[in-house]
Structure formats: C-alpha cells, structure tokens
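Biologist: I'd like to go through the charged side chains in this one with you. Could you put the model up first?
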Amino acid sequence: MKNESICSMNDDFAKWYTDVCKKAELMDYSSLKGFIIYRPYGYAIWENIQSYMDKLFKKTGHQNVYMPLLIPTSLLKKEADHVEGFAPECAVVTKGGLEELEEPCVVRPTSETLFCEHYSKIVNSYRDLPKLYNQWCSVVRWEKTTRPFLRGSEFLWQEGHTVHATKEEAMEETLKMLEIYKNTSANLLAIPMVTGLKTEKEKFAGAEATYTIEALMHDGKALQSGTSHYFGQGFAKAFDMKFLDKDNTWKYVYQTSWGVSTRLIGAVIMVHGDDNGLVLPPRVAPIQVRIIPIKQNEEIVLNKVLEIKELLEKADIRVDIDFTDKSNGYKFNESEMRGIPVRLEIGPKDIENGTIKLVKRNDGTKLDAALDDNLSNVISDLLNKIHNEMYEKACNHLNNNTTKVDNYDEFKNVLNNKGGFILAPWCGNTECEIKIKEETTATTRCINGESSDSQVCICCGKKATKEVVFARAY
Ligand SMILES: [Zn+2]
C-alpha cells in the first residue's frame, strides 16, 4: 500500500516531511537558503486558509491595511525589549541604488513599530478608538536552520494590530482572536489545539502576555501554530500613543497583536499525513474530489464525467478530472500523494449499472454511490464526515499522547520513550525552565493552570505554583 516514492514516516519523519512537501508539489527550494517557492497547490492551501480567516476577521470588525516593507532602524529601536528580541534575525538594507543610506532599514520581521507610529498620528480622541487593523504580508527573519513552512527566512502570515481605550477591551480582543485561531484550526484544518499563556521566558518580545495555540504532530513533537499578544501600554508609552478620553484627560492606549502563518500548512502535513503522502482536510483542500475516468476515450465516459463535474461544481464542491494519459494506478497514487479527500472512479460498466466508486483518502475506504442528481449531496455529506473523522483521529492522538507526571524521572522517561505533551508541576522560576531545556531539550509550550497544593516543581523540588505543558518542539 505504501507509496514507494517517499520515505516512510516511521523510518525518518524529517525526510518523510520534506519528501511530501516536494512530491505533493507544495513548494520548491529557491537558490537562496530559507526562501521557498510556494507552488500553485501549496499556495492554494494558503489562499483557502486566508479567505476563511479573513471572513472571520471582518465579521469581528477588523479592517485590512498594508504597511511598508522597510522599517528605519531608529523606529525599530524605540521599544527596547522588542528590538533586543528581533535584532539578531533582521535583514538590513544599507544601500539604495548606488548610494549608502543615511539610515539603514530593516526588512520587516514583524510590523508592530510601523503600526505604532501610524496609530500615534491618527489616534487622538476616544472617538478614534478602537482601531482594529490586520495585514496580510510576508516577513523576513534570518534563520540559521530552515525547513519548508515550519521555519523559513521569509514566511507569509497575517498580523493583527489593535489599540483600545481600556485594558479590559484589549484583553478581550487578545482572547477573542485566540479563540478564532483555535476554532479555525478545528473547523478548517481538523487540528485540535492546546491553548494557554506562554511563560515569561517564551513570551513575545515587548508583550505583557502571550497566548498560544500548540498542536501535536504525528511524531510527538509540538508546533506553535499561532500567538495572540496583550501589550498593555508598553509600546504606547514608547511611541507616545495617547488619546483624550471622555473625562478630558490624556491616556495611553492599550494594545494587542496576533498572528498565524504558513506554518499552519506544516501542521496540516505533519498531523494528518501518512506513508502515501499528504492527507488534506476537505475544507482546506484545493481539490476536494478528483474524478478518474476509466477508459476515458470512450465518448460515454467523457460525457458522463463532464456532467458529474458540472453537478458537483453547482454544489460548490472543488472538483477536477484527471484526463492525462497516465495509467490508472499512477493516477490513483498521485491523487493520494496530493491528499485529495475523495477519489471518484467511473468507467463504462459503472455507467451501465448507474453507480460510481468513491474512495476516501483518509482511511482508504471504498464506497459505491448511485449515479443520479443526489450525488452532490452524497459527496457533500461525505466531505463533512471525512472532516469529522480526521478531527477525531487527531484528538485521539493528542489525548493518547498527553501525559501527566509528578517528578523529573517520570518526566524524562515519558519524554524519551513516548514524547507528546507532558503536564508537569513547576515553581514558576525561569532558571528551572532553562535547566530543563538544557538537560532534556524540552521547552514549556504553555501554562495549563494552577498546580495542586501538594505538588512540587519537577526541577528544584520547591512548592509548585503552576502546571505547565512541556514538549520537544519544532
Ligand atoms: Zn523549580
């Protein structure tokens, strides 16, 4: 059953991943390390994520804007923590044409500073608030080790930046967007997320609080898949973002930012894929149904597949027909490699019998369906069923690979033999967090909640204050 052209997941998961990226034609490498080419099929997945989320952003009152690509270095330096966090990975432009620039510019690693400068100009009164802006763009962070979709020197993302009159409103926004990310992952990508607050060490440079969505990959490693930050008034003070409130006093705004990136494509590959390649959740799949005509040169087959395609398109099902002259076996493999949720096979005999064959990519199940006008309903229902099955499978994987431990020995044992998310009590001290990372390479993914009274920190043995989710991560 295994597709011979890619490495097996269990033999070498990292190689399996890059094999799938290439063979499913999601991306290609460019001549510059860390800068990938998004091929049509890969880009179409991103477009589907974009259009789904963009609707949710707009429904919740956000507007899209576009900020410049370059940031003057002086602007980036205005918020001390922020520049310290990003300086090591900035690409810097020092020349314009043949002339040295008076002030070097960085290629945006993120656009907080640009939004802040703009908001400081356009926000003057409580009447100007809130401002709920979002930007779809790419950012550049010079990474040493890169992997397609997971870590690149350039990646595509959206960054939301909002300013509010009160702390409560900004906090509500931070959590609202986290919820939108979590729901998108579940409803569009069939991926369950663990959510929570990042520790002080892991939070965003310049944020007061960072919330995260964390997914568990097939190999038991975590993938941070999106973050939502509450900034308080840190940037507001650095950039002098003030407004005249109803009580006639000047106040600093409260701010948030939030983002998800093309990393989500990596998550989809590593959560759902198998030894035959990609397995795409139907709602994000660029092609939901591929029709494979058997004996396609016979006119009766040709006419029938075109008729079926039209019927499915009318029901907003994304469908194509493989009319290439490749063998049927090759076509089946290719459809599987690309993770197309449903394969529809039809030949002269099927037409005679008034049936067609449907094959589900997620579990290989074959079904017969009647060849009539109800087919589009049957397939719509099937696509929903596939989504639910994939989500349930991913939830089971997450639950089966989340382990609660009480001490360091147990922690190391689970980490090295089972992997996955490990819930462990922690004292709240950054030193313990660093020590655990150095000794085991596991990092804190998020804070799960308070620890119980009797628990002690797995590292130092002092009284624990929090239960934390640990994992090895991408
Ligand atoms: Zn400790």
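Biologist: Is K251 buried or exposed, or something in between?
Modeller: This is a predicted model, and in it K251 comes out as partly exposed, with a relative accessible area of 29%.

Biologist: And which residue does K251 form a salt bridge with?
Modeller: The partner is D245, and the closest N and O atoms of the two are 2.7 Å apart. D245 itself is buried, since its relative accessible area of 16% falls under the 20% cut-off.

Biologist: OK, what about D240, which side chain does that one meet?
Modeller: The side chain of D240 meets that of K242 in a salt bridge, at 3.4 Å from N to O. D240 is partly exposed at 42% relative accessible area, and K242 is likewise partly exposed, at 30%.

Biologist: Switching topic: where does E214 sit, and what does its pairing with K198 tie together?
Modeller: E214 and K198 form a salt bridge through their side chains, with 2.8 Å from N to O. E214 lies in strand β10, residues 209-216, while K198 is in the loop between β9 (194-197) and β10, so the pair ties together parts that are 16 residues apart in sequence.

Biologist: Are those two buried or exposed?
Modeller: E214 counts as buried, at 0% relative accessibility, and K198 counts as buried too, at 5%.

Biologist: Which residues are linked in a network of salt bridges?
Modeller: One such network links K360, D363, K385 and E389.

Biologist: How many salt bridges does the count come to?
Modeller: The count comes to 26 salt bridges, and the pair of E214 and K198 is one of those described above.

Methods: Residues numbered from 1 in each chain as written. Predicted model: local features only at pLDDT ≥ 70, side-chain atom pairs only at ≥ 80, totals over all residues. Heavy atoms only, no water. Salt bridge = Lys/Arg side-chain N within 4 Å of Asp/Glu carboxyl O. Helix = DSSP H or I, 4+ residues; strand = E, 2+ residues; numbered from the N terminus. Buried < 20%, exposed > 50% of the residue type's maximum accessible area, 1.4 Å probe, protein only.
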